[in-house]
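Colleague: I have not looked at this one before. Can you take me through it?

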Amino acid sequence: MGTAQVEFTEDELLSDLVVSEPLVAGGVRCHGGFDADGTYVSPRTRFRGPAIAAWGEQNCARFGTELIDVPLERWERSYPNVEQARFLIRAGVPEPLMATLTRIGTVEGYGANIRLLKPKDLQRHFVEDVRGTAIDHLGGGLFEAHGRDEAGWEQEAGHRDMWFAARDLAFERPAGELDIEAMLARMGFGVNRPGAGGPRLLPDDISPDLEMMVSLMVRVLFIEISAFHTFAWAEAWMSDTELVAGDGAAAQLVSYIRADETPHVGYLRTALSEMRDRTWIGETGRQHAGTDMIGRIWGPLLAQSLGPAREEGRRATRGEVEHWCATRTGGADILAEFNALGDA
Ligand SMILES: [Fe+2]
Ligand SMILES: [Fe+2]
């Protein structure tokens, strides 16, 4: 076992590295900043970064296992694809892309809800010691740091507003021109989102609060991993200075958001691996293998993420493309050309 630090206070997990220059994008003061060499530094990573690495190594050494993972390639690439995105801009129909960026920012903002969990004394659910693990720090800084990264904190904008800033930089028009509320309503926000409030997946004697927390962590982990397709997609067309405004600033901003997501994927997969490798205790005192508990949640939620959730997002975006093409002269031709550029 290593000698790395594995116990951290909440203040430590929320503390920033020193930056030489703050990140300001499109007039918006964002979290994070730049070190003396001009390299982007993610917020709240002074202790959180090394902590996640130490917990992961410790768990692998203690249980002789690998950290749980899903390859990005399991998810399909973004819709519309990069060529279709470029085509929409050239055809003068950028609104579906603005809608997609708005949707991504809104989803990022919802991700902050994870901080509402505030779990205490998770030890009672596990046979093996959880001191000095990610599990033991979920309610002591990890969920809070995640929430602040997504929704912003005090004066500093988080990912929600950073996506909105990237959109406004790229399209050089105030989003107020678009009816954002109507757009989000068309895209299915406000109706029940998949995977939430479904039937129980774990045995009756497992605390419902614990199941709810683990299910949320798994759902968020899948969103975080699959988002790397979205980053690659957005950076590909946003970095084209002939196509969008802002001299590449929008794509840069997206690359900073991408960097900030690494600790999210990191702590979630570490804590879920720690739970998988431990024995769970039900409220009746019965014991359950962690591999079985995590497996029962992991399988159905992965299927949901790869299938229906993905299809729902695709349908919402397709609706926006059809909606906006219909407002243009020759919209049917634009839509046909758009469809022709789609992946087989
Ligand atoms: Fe995010
Ligand atoms: Fe995230």
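Modeller: What follows covers a metal site and then a sheet. This is a predicted model, where local features need pLDDT of at least 70, side-chain atom pairs count only at pLDDT 80 or more, and totals for chains, interfaces and linings use all residues. Residues are numbered from 1 along each chain as its sequence is written, chains are lettered from A and ligands numbered from 1 in the order written, and side-chain values use heavy atoms, with hydrogens and water left out.

Colleague: Which residues are the protein donors of the iron ion (ligand 1)?

Modeller: Glu108 (OE), Glu150 (OE), His159 (ND1) and Glu261 (OE), at 1.8 to 2.1 Å. Donors are N, O and S atoms within 2.8 Å of the metal (3.2 Å for Na, K and Ca); water is not among the atoms, so sites may look incomplete. Along the chain the donors are spaced E-x41-E-x8-H-x101-E.

Colleague: Which residue coordinates both iron ions, ligand 1 and ligand 2?

Modeller: Glu150 does, and the two ions are 3.1 Å apart.

Colleague: Is Glu150 buried or exposed?

Modeller: Buried, with a relative accessible area of 2%; His159 is also buried, at 0%. Buried means under 20% relative accessible area, exposed over 50%, partly exposed in between (1.4 Å probe, protein chains only).

Colleague: New topic. What is the strand order in the open sheet?

Modeller: S1-S2-S3, with antiparallel pairing. Strand S1 (21-25) and strand S3 (40-41) are the edges, each pairing on one side only. Strands are DSSP runs of E, at least two residues, numbered from the N terminus, and two pair if DSSP finds at least two bridges between them.

Colleague: What stands opposite Val41 in S3?

Modeller: Gly33.

Technical notes. Helix = DSSP H or I, 4+ residues; strand = E, 2+ residues; numbered from the N terminus.
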